[in-house]
Amino acid sequence: MKQFLDENFLLNNKTAELLYHEFAAPMPIIDYHCHLPPDQIAADGNFANLTQVWLYGDHYKWRAMRTNGINERYCTGDAPDFEKFQKWAETVPYTLRNPLYHWTHLELQRYFSVQDILNPGTAGRIYEECSAKLQTPEYSVRGLLRKMNVKVVCTTDDPIDTLEHHAQIKADGFETRILPAFRPDKAMNVDHVATFNDYLGKLEAVTNLSISSFNDYLAALKSRHDFFATMGCSVSDHGLEQIYAEPWSESEVRGIFSKIRSGGELSALENLKFKSAMLEIFAVWDWEKGWVQQYHLGALRNNNLRMMRRLGPDTGWDSIGDFSQGRALATFLARLDEKDQLAKTILYNLNPADNEMMATMIGNFNDGSVAGKIQYGSGWWFLDQKDGMTRQINALSNMGLLSRFVGMLTDSRSFLSYPRHEYFRRLLCNMFGEEIENGELPADIDWTGQVIRDICYNNASNYFNWKEASAPVTLPVTNG
């Protein structure tokens, strides 16, 4: 019987062990999509205790605690931090076979060298030991990134964000590159016209531009897209239920925008045409700048209306959606490809039923101009676990080129989430190792090892063109 979480965790043969320890483990990390807060990286403070770094904002853990019968007061409420941690420790033994069980103990080991299993009996000792370490300089926010050998972090930022924290981080000379990503979802969401007009007011304030017409609106947004580029941004991201690809004309969209500005509610078709237009316009801007565009598709968000009203979004009330994805996605990509305006693109699906569709979709638009120009993204959100990662890797292997894959990301709000990269790498090496030992792949360790190095780091470094040379710092200008 193997020991739980030993050095060969998830590695079930000698070849897998060799591939992981010699080729995968030493590679640095590029985290090209996450939700880490830039203000905390800029401040480089220390978390007061283990609860603050581990449980604040982590809706994965909150969902498990709620399912375990834990009152909301210990998740997002006003309970003391240690009591919240105790409730999490009570829940952990019930998470067997949930990825949280693995992640929890990987994080305790990798960051804090704690080998104990977390349960109510060990909670006090673990809390005390880890909280004490969090007060030391090496456990500052930036220190946590250094511990995991993170070279690039790409945050998620709204067009109206000032990016002042990114500028401060750059000015400080922090060796890990912290780069913004352009996430314009709110800038195209016209489901609630009043909310959208409020957003336009904020866009006017940050750009010092008046927005009366559709052309004014595009000019304001384009100025933010340009500004993000000056701050080192070369990535955009969209979180959508599905791609919007309704036919539209400029005159139609100008009329729809005028209706929005006058406070009129849109029909379902007008809503769809506006979103389709904006999605295509953003994609063309990305292509013009040579950016990488990412589309996270398939989340059914904020299902619990009562808790949404009480706590707001991103608090653990989302699920996998069963949206139709293929035809609209093909139409959208074909439109851009027809005009030779299709940027490098990464597609992520949340419903595993779409795995093979996504894996074949990317092959329709890889045109030979760039290796892996259109990527099938890693297992995301509910799928970034053993089964989800394995199925994504297999679909990509069977229908594309796994060797050109840009690898794993965290998609996390937690500074303790980087062992997820290790988890992915171990699974990857085990899959190669098993097939080598079964005679399904040649025992060419040097070449296979290079492929693994590429998937873990080199492919992403080349794909995003994130070189070590640093660009000049541009401090943002804010209004008000």
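This is a predicted model: local features need pLDDT of at least 70, side-chain atom pairs count only at pLDDT 80 or more; totals for chains, interfaces and linings use all residues.
Reader: What area is buried between domain 1 and domain 2?
Author: About 1900 Å², with carbon and sulfur atoms giving 58% of that.

Reader: Which three residues of domain 1 supply more of its buried area than any other three?
Author: His59, Trp103 and Tyr111, which supply 29% of the area that domain 1 buries against domain 2.

Reader: How many salt bridges does the rule find across that interface?
Author: The rule finds 1 salt bridge between domain 1 and domain 2.

Reader: OK, what about arginine 110, which side chain does it meet in a salt bridge?
Author: Arginine 110 meets the side chain of glutamate 422, at 2.7 Å from N to O.

Reader: And polar contacts, how many residue pairs between domain 1 and domain 2?
Author: The count is 8 residue pairs, with both residues at pLDDT 80 or more.

Reader: Different topic. Where is aspartate 454 found?
Author: Aspartate 454 is in helix α19, residues 445-464.

Reader: Is aspartate 454 buried or exposed, and why?
Author: Aspartate 454 counts as buried because its relative accessible area is 16%, and the cut-off for buried is under 20%.

Reader: What is aspartate 454 in contact with, leaving aside neighbours within four places in sequence?
Author: Aspartate 454 is in contact with Ser403, Phe405, Asn459 and Ala460.

Reader: Which side chains have a polar contact with that of aspartate 454?
Author: One is glutamine 450, at 2.9 Å. Another is asparagine 458, at 3.0 Å.

Reader: How far is the C-alpha atom of aspartate 454 from that of methionine 27?
Author: The two C-alpha atoms are separated by 9.2 Å, although the residues are 427 apart along the chain.

Reader: Now threonine 15. Where does it lie, and what is it in contact with?
Author: Threonine 15 lies in helix α1, residues 14-24. Leaving aside neighbours within four places in sequence, threonine 15 is in contact with Gly433, Ile436, Glu437 and Ile445. Threonine 15 counts as buried, at 13% relative accessibility.

Reader: Backbone next. What is phi of aspartate 340?
Author: Phi of aspartate 340 is near 55°, a positive value in a residue other than glycine. Most residues other than glycine have a negative phi.

Reader: Where is aspartate 340, and is it buried or exposed?
Author: Aspartate 340 sits in the loop between α15 (326-338) and β8 (344-349). At 54% relative accessibility, aspartate 340 counts as exposed.

Reader: And aspartate 411, what is phi there?
Author: Phi of aspartate 411 is near 50°, also a positive value. Aspartate 411 lies in the loop between α17 (386-399) and α18 (419-437), and is buried, with a relative accessible area of 10%.

How values were computed
Residues are numbered from 1 along each chain as its sequence is written. Side-chain values use heavy atoms; hydrogens and water are left out. Buried area is the accessible area (1.4 Å probe) that two parts lose on being put together, summed over both. A salt bridge is a side-chain nitrogen of Lys or Arg within 4 Å of a carboxyl oxygen of Asp or Glu. A polar contact is a pair of N or O atoms within 3.5 Å; within protein, one must be able to donate a hydrogen and the other to accept it, and residues adjacent in sequence count only if both atoms are side-chain atoms. Helices (H or I, at least four residues) and strands (E, at least two) are DSSP runs, numbered from the N terminus. Buried means under 20% relative accessible area, exposed over 50%, partly exposed in between (1.4 Å probe, protein chains only). Contact means heavy atoms within 4.5 Å.
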